[in-house]
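Biologist: Can you walk me through a structure? I'd like to hear about helix packing and a pocket.

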Amino acid sequence: MKTVCYQDRKDILRQNRNSGMTQHFSFEEILLELNCDFICNSFSEFVNPARFHHDSPLISRLILVESGFVRLEVENQTVIIQPQQLYFLPAGLPFITEYHDHCITKGFHLHLYDGFNFSIAHDLHKLIVVDNPSLFLLIQQAIRQDNRPFVENAVMAAVSYCLPEIFPVMKERATVPPLYQKLLEAMRNTPPARLRLKDFSDKFNLTPTALSKGFYRQFDISWKDYQNRQILLRAQALLSGSDMTISEIAASLGYDDINYFYVFFRRHSNCSPQEYRKSIGHLD
């Protein structure tokens, strides 16, 4: 059986990018925000066995197995997913899937993030298998009715079911000191390419070193990595889900010179913006 190596940069934000939901809930008396962008659906039928290798998934996947079975290799473990089960694969977790016995699946590709634009699923470093007949039937019924709001509410319920163990991480970010809450709000309202450390350190009366170290200490990600992730995700979304020109996209991201955008995008996606826009890959 041939293995197809798959990377999410191919067509990953092309369909239904603007469809999303926000859920607020209380955890230990703290109000948390969970955002879910529905990137696309992947409803597949594998008549013959198929194998896919995802070494750097950018998005999360919630998959229902209707018939056949799925063999998953995750973190040196092998898991068999049977019919009537769901499984959740968080962004950032490499995995290999094999589809057997005329496997039919219903998949949802999702981008999950909190109220501060931090990716949530990257905090969950394991496969979640959901053996919950009620949730399975709820999603399956919504799909058969072809009712998108119903489907998205059902998927959101399943996602929420998978995430309780990262609620403490979300709580930590939601209860950061007021200085960092104001910082994140200012960052959220700034085009990502203009998230210059020196500018924000001046704005908040800190040295660049102090702000850089404090940011990493609070959020477990460097300033530069956070900025790069925001630029890439927004660029992919605009390239896939809008009719904006490359120049307009670069400007909206905060680039004064389009050439810098080209250099950034190629370095982080291994293709040009035009190639990304034209690319169509198989979504399993």
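This is a predicted model: local features need pLDDT of at least 70, side-chain atom pairs count only at pLDDT 80 or more; totals for chains, interfaces and linings use all residues.

Biologist: OK, start with H1 and H2. At what angle do they pack?

Modeller: About 160°. H1 covers residues 133-145, and H2 covers residues 148-162. Their axes are 8 Å apart.

Biologist: So are they roughly parallel or antiparallel?

Modeller: H1 is roughly antiparallel to H2, because angles over 145 degrees count that way.

Biologist: Is the crossing left-handed or right-handed?

Modeller: H1 and H2 cross in a left-handed way.

Biologist: Which residues make the contact?

Modeller: From H1 you get Leu135, Leu138, Ile139, Ala142, Ile143 and Gln145. H2 brings Phe150, Val151, Ala154, Val155, Ala157, Ala158 and Tyr161.

Biologist: How many of those are nonpolar?

Modeller: The H1 and H2 contact has 12 nonpolar residues and 1 polar one. No charged residues take part there.

Biologist: Next pair. How do H8 and H9 cross?

Modeller: At roughly 90°, with the axes coming within 9 Å. H8 is residues 246-253, and H9 is residues 258-269. H8 and H9 are therefore roughly perpendicular to each other.

Biologist: Which residues touch?

Modeller: H8 uses Ile246, Ser247, Ile249, Ala250 and Leu253. H9 uses Ile258, Phe261 and Tyr262. By class, this H8 and H9 contact has 7 nonpolar, 1 polar and no charged residues.

Biologist: What about H4 and H6? What's their angle?

Modeller: Roughly 100°, and the axes come within 12 Å. H4 spans residues 178-188. That angle makes H4 roughly perpendicular to H6.

Biologist: Who's in that contact?

Modeller: Tyr180, Leu183, Leu184 and Met187 come from H4. H6 gives Leu211, Gly214, Phe215, Arg217, Gln218 and Phe219. The H4 and H6 contact divides into 7 nonpolar, 2 polar and 1 charged.

Biologist: Switching topic. What volume does the second largest pocket have?

Modeller: About 260 Å³.

Biologist: What lines the second largest pocket?

Modeller: Phe118, Ser119, His122, Asp123, Val169, Glu172, Arg173, Gln218, Phe219, Asp220, Ile221 and Arg229.

Biologist: Which elements give two or more residues to that lining?

Modeller: Helix H3 (167-174) and helix H6 (208-219). The largest share, 3 residues, comes from H3.

Biologist: And how does the lining of the second largest pocket divide by class?

Modeller: Into 4 nonpolar, 3 polar and 5 charged residues.

Terms used. Residues are numbered from 1 along each chain as its sequence is written. Side-chain values use heavy atoms; hydrogens and water are left out. Axes are lines fitted to C-alpha atoms, for helices over the stretch in contact, and angles run from 0 to 180 degrees between N-to-C directions. Helices (H or I, at least four residues) and strands (E, at least two) are DSSP runs, numbered from the N terminus. Angles under 35 degrees count as roughly parallel, over 145 as roughly antiparallel, 65 to 115 as roughly perpendicular and the rest as oblique. A crossing is left-handed if the near helix is turned anticlockwise from the far one by less than a right angle, and right-handed if clockwise. Contact means heavy atoms within 4.5 Å. Ala, Val, Leu, Ile, Met, Phe, Trp, Tyr, Cys and Pro count as nonpolar, Asp, Glu, Lys and Arg as charged, and the others, Gly among them, as polar. On a 1 Å grid over the protein atoms alone, a cavity is a set of points where a 1.4 Å probe fits but cannot get out, and a pocket is an open set with protein on both sides within 12 Å along at least five of seven lines; lining residues have an atom within 4 Å of a point. Grid points are joined across faces, edges and corners, and a volume is the space filled by probe spheres set on the points.
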